Structures are given as C-alpha cells and as structure tokens.
Amino acid sequence: MVMAPMIVIAAAALAPQDALPSKSGIAWNRYRDYDELLAAVRQVAARSPNLVRIEEIGKSALGRPMVVAIVNNPTTGPEASKPAMWIDGNIHGNEVQAGEVVGYTLDALCNAHGQVPGLTELIDRSVFYLCPSVNPDGRDEWFSKAHTPNSNRTGLQPFDNDRDGELDEDGPDDLDGDGSIGQMWRKDPNGTHRRDPRDPRRFTPVSREPKPDGTVERGDWSFAGEEGIDNDGDGRVNEDGQGGYDMNRNWPSDWQPDHVQRGAGPWPLSYPETRCVAEFILARPNIAAVQSYHNAGGMILRGPGVQYNESAYPASDRAAYDAIAAAGAQMLPGYRPMIIYKDLYTVHGGFVNWTAEGLGVVSFTNELWTDDRIMQNGSAPTEEQRTRWRDDVLFGRTFKDWTEVQHPTLGTILVGGQNKWSSRATPHFMLEEECHRNFAFTTFHASQMPLLRAGHTRVRSLGEGVWEVSVEICNDRRIPTRTGRAADRGIAQPDLLTIGLSDPAGVVAAGGVAEGGVLDRTYSPVKAEPARLRVERGIPGLGSTVFRFIVRANAGSTVRLRYESQKASPLDIELLMQESGSP
Amino acid sequence: MMIAPLVVLQLAFVQDAAAPAQPPAPAAPATEPAKPAPPPTSFGELISLEALEQSLRQLAASSDGKVTLASIGTSTAGRTIHALHVTSEPKRKVPVPAVLIVAGLDGWHRSGSLVAAGVAERFALEQRAAIDARTVLDGLDLWVIPIANPDAWAVGLARPQDHAGRVGARIDDDRDGRVDEDAPRDVNGDGVIAMMRRLDCPSDAPATRVADAADPRLDRAPDGAKGELAAFSLMVEGLDQDGDGSVGEDAIGGITVDANFPHLWREFAADAGRFPLEAPEAKALAEFIRTHPGLGAVYVLGRQDSLARTPNHERRDITGRTPVFIDGDDKALYERIGKLYRDSTGIERARDAAHEGSFAAWCYAHRGLPTFCSQVWQRPDPSPPPEDKKDAPKPADEDAAAWLAWSDRDQGSRGFLPWKPFDHPSLGKVEIGGWAPGFRTEPPSAMLPELITKHAGFVAALAGESARVRVERVKAREVAPGVTEITVDLVNDGRMPMTTAMARTNDAIPPLRLRAKVGIDALLSGDVERRIERLDPGSRASVSWTVRRAPKTHIEIGVHYPSGRFDRVIVDDDALLYGGRVLEGGWEW
C-alpha cells in the first residue's frame, strides 16, 4: 500500500515517449547466437536479482544448457501462489528472432517493474517463465554454419532420414564458402529458365505453352537444387542432413507416429529439449497462459492443429482466445488471428496443442515477422517489390552473386542467391519494434489471467443459530479459473471453496447457485463434504459464481472462506454472522 | 554336460512367498512333468520376486554360456528390469531371427512371468519337451523379459487385491487434492477386497442389476419389458474414507505401465501417465525395442490376446491412417500364427482386455513388429454337472457361469466368495462377495509345467515361421567388352513376410537395401542403391545393374537386410561363368 504512490511518482518523472532506463544496459536491436543470447539473459537476471532467477532445466542433445528465466517478486508471494505465464521461442532452430523477443520480454519486464504502474501490478500478481530457446543446438547451428532461411528447424540428435543405416551423412554443402546455403543452377540446352536480361540475378521461367509453329521455347538454365553434393555416393544430394525431426511435433497431445506426422520423433517427448520443458511445465500447475514464438508470417495462431479436435475449444474458452487475439491484431501490424489446422496446415503433437488441449491453458503461437511490413499500406508485396526492398532498404546484403563452381556430378554450375537472412528474420532495424510489440501482446495476454475478488455477500439468520451465508466470487479477467477444456476433460484439480468454522460439523449444507451473480436464487446442495466445495468449472472469465452455505454458528462469530484455484491467487473472505448484504 | 534342475519350475511350486527356499528337486523327464499337489488357492502358489530373480540368475549361471542376464533399466522403486538372452552361439557373428518374450507387465498376470522364464529355461537347457530346442536355437535368438514391471510384481504379491500393477508417483485419481486417500478396502475383514452389492440405492445412484435366477451369485440387467426392477448396484469393496460420497475412487498407485505406451494412449485417464513412456518401466521396454532392430517377432504374455481370436483388421484410429488393431494386409499373418498357437497350446478362448496404450499395441502399430499376445491359459472346461442340475435355467453370462461351475466342481469352490450381508457405515445394507481376486487370471500352479511346455512349443513353431530372406543367386553377363550386367535374385523362403504391412506403412523397419560399390562413372544403369520394401513368403525379387568393369577387377554389392544382417556379393571374372559369390558379412547394428 505504501509502495504504490512512489511508483506513480517515479513513473511520472519519465517522458512517456522515451525508453525506460535499462537496468541491464542491453539493446535488443541486433541478433545474438545462443551463447550471446544466454549471456544477455543472465545479465538481465544479474541486474534484477530481486526479481529474476535463472534455472537450468536440462541439457540439449549436444549438451547445451536449457535455461528458463523466472520472473517473480517474492515479496508479493511465492511462485506457486500466483498465476503464471510460460513464454518460449525458437523451438525451430532457424526461427531465430523468437529468442530475441523472449529476451526482450524478460528485459522489458525488469525495466518496467517499479516504473510502469500497470506492469508493476501485473508482475507483482503474476509469475513469468521465459525460455529464450527451446532448441539451443539448432540456434547455434544456424548462426555458426551455412544455412538457408528455412534450415535447420530440427534439433541436432543424429537421425537417419533416408533409412540407409547412416546418420546425417549427406546434408547441404557450402560450395562457394559464403556461409550460407544457396541455390544451384546448371547450364541446360533444354532448360526451364533464362536469366532475366533486366536483372541477371533472377532466373525467369520460360513458357511451356507451344508456340504457333508447334515448337516449345527452351530455356538455357535449370534449377539443380539446394547447394550440395552427393556426400555418401548414393546418387542423391542432400537427402540426409543434420537431425531431420521437428520438436514441435513431439508433444503428447494428439502425437502421431512418423507415417502420420513427419518429424514426430519415435515417441512423445523423446528429445531431451522437449522432455525437460514438459517436466518443468507439468510441475507448475499455476501456469495459466502460454505464448510460443516462431517465424514467419505475421500470425497469431491458436489450435486445434487438426479438425477433429475442434471440440477442444468450447465457446467459453473461445471467448478468451478471440478477445486476446483481437487485441494482438491491434498491437501487431500485419498479424492476423488464425487457427492452425484451418488457416495454416495440419499439426499433430504441436507444443501449443499440448498446452491448450492437454493442459487446458490458453495458448498462442506467434509467427513473427511478415514482409507485408515492407509495404506502406501493409499489403502483400510482389516479388519485384520485395527485390526493391532488399536492394534499397537492405542494400543488397541478403543476396550473394551467382558464382561458378565445379560440381563433382553436375559439372560447372552457378551457386548463390538469397542468403539465410533474406526472408524469415526480422530486419535488424525493425527487430526492437518487433520485440516490443510482441512483448506488449504477451503482457496483455498475461493480464487476462484470472484475478479473483469477492463480489456480493449476504448473511441471513434462519433462526436457532443457523445461518445462510452467500458469497459471490468474481473473476475480473477474461481467462476462466478453469478453462472449459480443463473442466470437460478433468484436467488437473478443480477449484475449491472451503469454509472454516470453529466447529467443523457446523456446516450443514452447501452448494452453488445456478445463475451467476444472482444472490436470491436457490442453490443446488452437494451430497458430500459441504465444507469443501469442489468447483469443477471454476469461475468464468469476466463473470462470477454465487455459492451458499448453511451453517450453525454463534451470532457475532466469524466465518472464514477461502477460494483456491490452481490458476489464480487464493481469495480469503471473512464474514460476521449477523444479518448483512443485499439480495 | 550335467543338465541343471528345473530351477524356475521348482520355484513356481513354492506354496508361500515367505517360505524358505527349498532344495532343488531332481530333474524330472521333461516329457512327463512332475505333478505337484494341488494348492488351496492360486495366490499362495506364486513365488516372491526375489525368488524368481534368484532363479533367473541360477539359470544364467548354469547354462554354459547360453543364457546371459542383462539389465534393460530400473523400475520406479529402483529394481532391476532383467532380460534373458538365450542363444546357442553367444558370440554369433551373423544374426539370426530373434523372438522377444515379454511378461509381467502388471501385478495380475504373474503366471505369465513364470511361463516366460520357463520357456527360456526349456530352450537354454535343451529339454525336449515338445520342441527340439537345440535345432530351434541354431536358427533363433531368444530374448525374454519375464518381469517387465517388478514393482507391480512385488506389491502385487503382498497386496494383490488393491494394487493392479500401478507404479511411479502416486496419482490423485479423483483430482481432489488428496492422494490415494480412498482406495478399495477389505471392509468385512475376510482378507479379500472383493465386490459389494448395494441394496439401498439412492435415487441419484439407482440400482442397475438383478440376481440371475440361473445362479443367484451372478447378476444381469433387469428386463424392463417384463416389469422387472433392479435390486442392487455393484461396486468395489471399500469405504468412503474421505467422506466425498464416493467409494474406492482413489486407489493406491500411479501409472499403469501397460497403458503408458503411445498407440491409442488414453491422455486423460488418471493411470495412463501424464505422457506416454513416463513410467521408467515403459521407457525401458521402448528403448529395448528401439535398440534391438533385429527382432523378428514379439510375444507378450499377460492381459491381451491376439492369437486365440484374430484381431480386428477393419477399425482405424481417429487419423484414419493407423489401424486400431492390425492392418488388413497383415490379417493372413495373424490368422496363420493364431492357428499355430491354437494347435500348439490348445487355447481357443480369450477374455476381452483393454488394448489402448499397451506395449503390444505400440510394438505393432508404431514399430511394425509382428506382435502376438497370449493370456497364458484359458478357462478349463468344468466337469459335467450332476444329473439333477442338467436342466438348470440358462445363465445370462454363460462364460461366468462356466467359471463358477469349474470353481464349484473342480476347484473346491475357491473361485467365488459367497455374498454375505454387511451393514456398511455409509451405504447401509450391502452384500460383500464375488470373484476371488485372480481366480480368472492366474492358473493354478499345477497347470504351469504343461503350460510352459505348450508355450515353448509355440515359440519354437513361431521361430520356424520366420522370414528367411537371402540372396538366391547372382548372375553376371558380359554385355560388351568391359560392360557387365549384374542381377541379384533374392528370395524369402520362410513363412513370414520380410516386414509386416504395418512396418511398410510406418517405416519403422528399414527396407532391404542393395548397394553397388561403384563410382558414378562406372554405373551405366540402375541407381547405386536399390531398395526392396516387400518380400512376402515364397516370393522372389531381382535387382539388376549394368556397370563398367575391367577384366581382373571385381564389383562388390552390399546387401543390407531389415534384420540388421548384411552380406557382400562379389562379381568378378569367375562370376561370368559360375555366378557371383555371396559372403556373409555379419551385423550392422
């Protein structure tokens, strides 16, 4: 109570449009490999030791530390007593800016605490678990080795992609030594393409339609695949690169084997990275919100990953999902709320499918960056517009000129093209904005975790020392204390409303009132344990539920009630046994 | 060599877990198993876990190197999970088909463990009990994991009635914040947790059953069309220990291991685990399968059956891409092996059992292994009824009635506890009684020797059915000077397909690969590596290349079989006259 005015004064001293003073001194306007990212996260933690704790939750397949930063203000209660939000990124090794967004979020929370009243209040009533990279090996690999924008999604546990008994024996090769995996083009008298005379960087397709004289135009170049050679001499190129699985298909809910879902792994949580994250989350039933960052496309995605799981998102949950996603669409230019199976593609065993459908937690995946952002009006750019952007704004740094290379089986070829930075990574000068807007989105999501309050209460004497006690429990946020999914499938513990009396046998009967928020209706008595009401469906988002107890107690005595939910801070209520309240 | 006594069998007859170990009995001729005195109950006959493990160690020690005892993992409580490897050539260089036997997945089917261990013993000690073990072992490696779930085994012996084999962290089944607080319980103090018939049923939990007039110990649904009213409801014997209005709703224990595998995993069932393979016992089995790619078949002794009755081949899971039981293209295989089983064991009846999340279901659906399940025994036919009972009314559940008849006429009525009235503290008037726990799942010990013989016979027959894929011949022809056409003919002259249809769907088992070791310049036709995905019993396949080969040089082709074996084919000048040579290569894994 004493702190609040001081926070307001401190905040008032800052110009609202200026950046908050950075406690860590870190600028999030450039990319960091895994070691650098981890160092930055540790630095943030070191500068806010009263707020952040770093926990190593496991090791990656190659032995890198898996790290979670835990943001909790211990003076406002232990972690387990507060609703929590899990935020992660970069489960696909090449989707790198996800790591920066998570790191920025951690830094921004620390900078805001004590400076921005709304965020201070949110931090003080919540816990944040931030995992900057779920795939440290993949991240490190992307930065340190030659790759494309699309590789490597995988972790680095060796895998036999081509079922030849050998592991990772024939991946792409950086033939021109430019640090990126580009394209190969071979000279071909029956080619499918020609070099564009206006811009020889481009290969344009020749028409397949016959000309009036019946002949078909021939090009002089044909695409020869991704940069690489036949390392294992099996006649194929690049057919078994590093790893080759997808850790975002390795989670328990709707996990399906490889013939249904490519890359799923031999069984759910088969990789050390997914296993340790799952163990961490399962040990924290207070997690009430989940955000996972990927790239690219400007999407705010929710499940289901497959059509047959539509029923996993009942109307009461969709209300929260829709409201949060709609707020995100306002905060994130170019981003659109989407449903994974319907608007993207089918996913079995995805991470947010597990957290949403298996754990009953409101969960989103954001696909960071969309090149709609390069257009003044936010429309989708043409290839020509994209090229101008790369030339004029990125100064051609994402293109590697075509270079002649002697290929062992293809002969003389051209190697080059757009490099790994060209399409999916947010341009560095827009990175901080990307981070900040997504940070704002996740804090909005976090702010919608359940917040309980006692609403109307009423105590009526029924005579002979018997009292009717009614209490309305309100949830002032959009996420229910138990999602419809959790209630439907019996996930984790239901909420509990307990009543304490000096004489435990004094609770005669109890139950809920069917119509929310109305005190003057009859209630439905429970058949057992009236002093310990089990609230299977919890308190709805932006709603309330009324409960009633019939108790024996002395006039003037105090009755204590406690409402507990795994997804909300507990609520304690004391009522005097004397006529009170309104109908 | 002195043949060691029947260690496992001997221990199987110990009447009491607490009884001291008995000196080994003289070996009995395997064709005439010793007949022990019939024990009074089925449970007293089972030996302790420690005694069984000791017998496994003795078996390994006395087997002249044919049996090795290895650990495949550690149980939740820290017990070793043992695997026996039985082979006639411990240092075998070229792999032969391997059969894996798994038993003891729960605490209810411990006889399966004794049978599995007994089969291993039969093979290891070359006893000619319905099988020619020596001949079989020449072409077979046998892996036996007799006690896949040792914690359940150990607890099951001490408290068989309330612990059906659940392991690991205790689970709050009813999600009320209290763990294992209301397990089924022996309410009437007769030493058994049985069933209760609730006679005073409230309106919100009404009666559902009536006694069957054919035998009032049994029950059936009332016939509403005849105005018949239900008289009682059935529930497990217990109290409402936590006062929540439910009886026996939060049993002791954690994960059911045999429900913790990925195929059709019941995600929201309390005992199926928080995620597949969470139980270390399940994970150990899965890792064993993953790291032993040469397995030709898996035989599971326990809850399920896929041999007395052929599994359904039409149902698919929710994706439509994985069968619930078996693929239609594997139906013939299961029918044939089922017939072999019925002929070998005489077992033709089976009980329905949960299949979701089971080890066997996963082995087949996700790993593509031919996986066969046996419930170890079947209900014996009861002796004929007395003359005055022959016109008794027909019972609603004929199988249950037959079990009762067998209990009454042949087992001293030990199988069923008569219903006895009891004043229950929260349910009012009840009757307590029902099936003696384990009566219908564990055979009497007296049956074990014969069962071991029969199952050993089946395993031998199963081994004889293995796929036998090999290079039949190698043809070489000079097409032009310096140009050779090579043709490798392959044949499967075994009785199983090289891979199941399921394996060809899920790609869990690699194809047969032939790889020509030639430079890209020397290869004129064909790909360097050729693959054969399917080779059914009695079928052939041919693969050809045309290569440049100078005189006095040779071309080598590696033949990599799905089992992990590989051979080398050599084509040189002599091959033009006599065909190419096939050299046994050995193991790849």
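Domain bounds here come from an automatic or database domain assignment. For chain A of this predicted model, that gives domain 1 (3–143 + 245–369 + 426–447), domain 2 (161–241 + 385–418) and domain 3 (452–581).

| Chain | Domain 1 | Domain 2 | Domain 3 |
|---|---|---|---|
| A | 3–143 + 245–369 + 426–447 | 161–241 + 385–418 | 452–581 |
| B | 46–158 + 254–377 + 447–464 | 174–250 + 390–435 | 469–587 |

The predictor gives the complex an ipTM of 0.95 and a pTM of 0.94. Chain B averages a pLDDT of 87, with 88% of its residues scoring at least 70. The stretch to watch is residues 1–45 of chain B, where pLDDT stays under 50; the model still has 81 contacts beyond four places in sequence for that stretch. Where pLDDT is low, the predicted coordinates should not be read in detail.

Now for how the two chains meet. Chain A puts 34 residues into the contact and chain B puts in 32. On the chain A side, those residues split into 16 nonpolar, 10 polar and eight charged.

Inside chain A, the centres of domain 1 and domain 3 are 34 Å apart, taken over C-alpha atoms. Across that boundary, 22 residues of domain 1 of chain A are in contact with 17 residues of domain 3 of chain A. On the domain 1 side, β9 (287–295), α7 (315–331) and α9 (351–358) of chain A each supply at least two residues, and α7(A) gives the most, with six. By class, this side of domain 1 of chain A has 13 nonpolar, five polar and four charged residues.

Strands β13 (residues 399–407) and β14 (residues 411–418) of chain A run antiparallel, joined by seven bridges. A hairpin of three residues links β13(A) to β14(A), and V405(A) sits opposite I413(A) in β14(A).

What about chain B? The centres of its domain 2 and domain 3 are 65 Å apart, again over C-alpha atoms. The largest nonpolar core has 120 residues, and V99(B), I101(B), V102(B), A120(B) and V144(B) touch the most other members. Helix α10 (residues 448–464) of chain B provides the largest share, nine residues. Domain 1 and domain 3 of chain B both contribute residues, so this core lies between them. Apart from it lies another core, of 93 residues, including V102(A), A320(A), A356(A) and F275(B).

Technical notes. Residues are numbered from 1 along each chain as its sequence is written. Chains are lettered from A and ligands numbered from 1 in the order in which they are written. This is a predicted model: local features need pLDDT of at least 70, side-chain atom pairs count only at pLDDT 80 or more; totals for chains, interfaces and linings use all residues. pLDDT is the predictor's confidence in each residue, from 0 to 100. Two residues are in contact if their C-beta atoms, placed from the backbone, lie within 7 Å. Ala, Val, Leu, Ile, Met, Phe, Trp, Tyr, Cys and Pro count as nonpolar, Asp, Glu, Lys and Arg as charged, and the others, Gly among them, as polar. A nonpolar core is a set of buried Ala, Val, Leu, Ile, Met, Phe, Trp, Tyr and Cys residues joined through C-beta atoms within 7 Å. A residue is buried if 20 or more other C-beta atoms lie within 10 Å of its own, exposed if 12 or fewer, and partly exposed in between; C-beta atoms are placed from the backbone. Helices (H or I, at least four residues) and strands (E, at least two) are DSSP runs, numbered from the N terminus. Two strands pair if DSSP finds at least two bridges between them.
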